[in-house]
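Biologist: Hi, could you walk me through this one? I'd like to go from the overall picture down to single residues.

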Amino acid sequence: MAQKEPRDWIEAELGGTKLGDARLTSRLLEMTGMFYDKPLANIPQACGSVSATKAAYRFLDNENVDWKAILQAHYEATEERVKENSLVLVAQDTTTLNYSTHPNTQGLGPIGTKSKKVRGLMVHDTMAFTESGTPLGLLNVQCWARDGIGSKHKRHKKPIEEKESWKWVESYHAVSQVQKRCRNKSLLVVVADREADIHEVFAEQYNTPDGAQLLIRAERSRNRKVVDDKESCEFLWTKLEQQPAMPVTLRPPMLKKNMPAVGVWAVLAQEVNPPIGIDGLEWMLLTTVAVKQEKDAYERLEWYARRWGIECYHRIIKSGCRVEARQLESARRLCNALAIDMIIAWRIHYLTTLGQETPDVPCTVYFSDSEWKALTTFANKVK
């Protein structure tokens, strides 16, 4: 049976935000409530009055307001929800926010190719899900503006700490810290798509005692080499075509020989008899969670399918909260507003998922009297 939540979820989620001044925290709670009531509205429409609008802009511009501090309170609340589950799937992914229609906004960077002069912000977020797909909240968010788009040759020469691909390792660090605090209460498995198939991520897990586990889809174009018991090398896909699930040892790339070889379990899933003219689906999954039986392989596939939840979350951020329509003068202000919108988008995603999983639970479990009455009035077009 669903547990009744505190009526004021915003207070429960953000009441502990540390901005150095209790008045700023109070303003944050008030603004979150206004944005949540009207997620599609711009700031003046959401605030409802000139004085409230001015106060919101002052808040977003205040030098003591930091988007990371706003999200930190949410991370802590998410961690408490994580501890209530024995298995948590933690998806991380990257999305772009396009602010090209706001040419006067300062601090943005390119988000497309050199030929497409599209400007905005990069966001890499990490969200925890239950095994059934309920979003528990964010555990890490990275947001930045690119300085430019360099050549592929120059990027190869940089250490990973200076590349964007470091985002995968940084996210893994954050999740592993939560795993260590959870100890034996919860198993956290970081789930990511093919972009995360870099040896540094697997090496980081190898070198992190008691850290989170990994489940990453392999990039076929890399077709990395694996080492067998006889120390001979064979390509990953060739190896798995002989047996679709087995333990393998990933050999570090030639330019990264100082890194350890890493043992993982590989699962190859291929669509049989796809529709004519359509390439069949193919997933090669690399995981640090043992795959000893056929049912384990199917379970890993189900886990990876839950990664889609973060894609849904990104759609809510952009379409449900319209973050790309925010008109603010600087990237710093946009990030402050984005932190609020990301928490609201999680809440919308959370309630939507719960509504699908438990359609018979009364709305009074999740909404206050004023909230459910307002929704009923809107749904029934009552004036």
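Predicted model: local features only at pLDDT ≥ 70, side-chain atom pairs only at ≥ 80, totals over all residues.

Biologist: Good. How many helices and strands are there in the protein?

Modeller: The protein has 13 helices and eleven strands. Both are DSSP runs numbered from the N terminus, with helices being H or I of at least four residues and strands E of at least two.

Biologist: And what percentage of the residues is buried?

Modeller: Of the 383 residues, 48% are buried. Buried means under 20% relative accessible area, exposed means over 50%, and partly exposed is in between, with a 1.4 Å probe and protein chains only. As for contacts (heavy atoms within 4.5 Å), among those with a separation of 6 or more, 66% are between residues 24 or more positions apart.

Biologist: Let's do helix 2. How many residues does it have, and what is its reach?

Modeller: Helix 2 covers residues 22–37, which is 16 residues, and spans 23 Å from first C-alpha to last. That is close to the 22 Å expected at 1.5 Å a residue, where the expected span is 1.5 Å times one less than the number of residues.

Biologist: What happens at the start of helix 2?

Modeller: There, a side-chain oxygen of Asp 21 comes to within 2.8 Å of the backbone nitrogen of Arg 23.

Biologist: Which residues of helix 2 are buried?

Modeller: They include Leu 24, Leu 28, Leu 29, Met 31, Phe 35 and Tyr 36. Leu 24, Leu 28 and Met 31, along with Arg 27, also meet helix 4, at Ala 55, Ala 56, Phe 59 and Leu 60.

Biologist: At what angle do the axes of helix 2 and helix 4 cross?

Modeller: Roughly 120°, with the axes coming within 11 Å. Axes here are lines fitted to C-alpha atoms, for helices over the stretch in contact, and angles run from 0 to 180 degrees between N-to-C directions. Helix 2 and helix 4 are therefore oblique to each other. Angles under 35 degrees count as roughly parallel, over 145 as roughly antiparallel, 65 to 115 as roughly perpendicular, and the rest as oblique.

Biologist: Is that crossing of helix 2 and helix 4 left-handed or right-handed?

Modeller: Left-handed. A crossing is left-handed if the near helix is turned anticlockwise from the far one by less than a right angle, and right-handed if clockwise.

Biologist: While we're there, is Lys 54 buried or exposed?

Modeller: Lys 54, in helix 4 (residues 50–61), counts as exposed because its relative accessibility is 52%. Its C-alpha is 8.6 Å from that of Pro 44, ten residues apart in sequence.

Biologist: New topic: how do the axes of helix 7 and helix 8 cross?

Modeller: The axes of helix 7 (residues 166–182) and helix 8 (residues 199–206) come within 9 Å and cross at roughly 25°. That makes the two helices roughly parallel, and the crossing is right-handed. On the helix 7 side, Trp 168, Val 169, Tyr 172 and His 173 meet Glu 200, Val 201, Glu 204 and Gln 205 of helix 8.

Biologist: How many of the residues of helix 8 are buried?

Modeller: Six of the eight, so helix 8 is largely enclosed by the rest of the structure. These buried residues pack against helix 7 and several strands, including strand 6 (213–217) and strand 11 (282–287).

Biologist: Strand 11 has Thr 287. What is in contact with Thr 287?

Modeller: Leaving aside neighbours within four places in sequence, Thr 287 contacts Leu 214, Leu 215, Val 264, Trp 265 and Arg 300. Thr 287 counts as buried, at 0% relative accessibility. Its side chain also reaches the backbone nitrogen of Val 289 at 3.0 Å.

Biologist: Last one: which loop is Arg 183 in?

Modeller: Arg 183 sits in the loop between helix 7 and strand 5 (187–192). Its phi is positive, about 55°, although Arg 183 is not a glycine, and the residue is exposed, with a relative accessible area of 68%.

Methods: Residues numbered from 1 in each chain as written. Heavy atoms only, no water. Polar contact = N/O pair within 3.5 Å; in protein donor to acceptor, adjacent residues only side chain to side chain.
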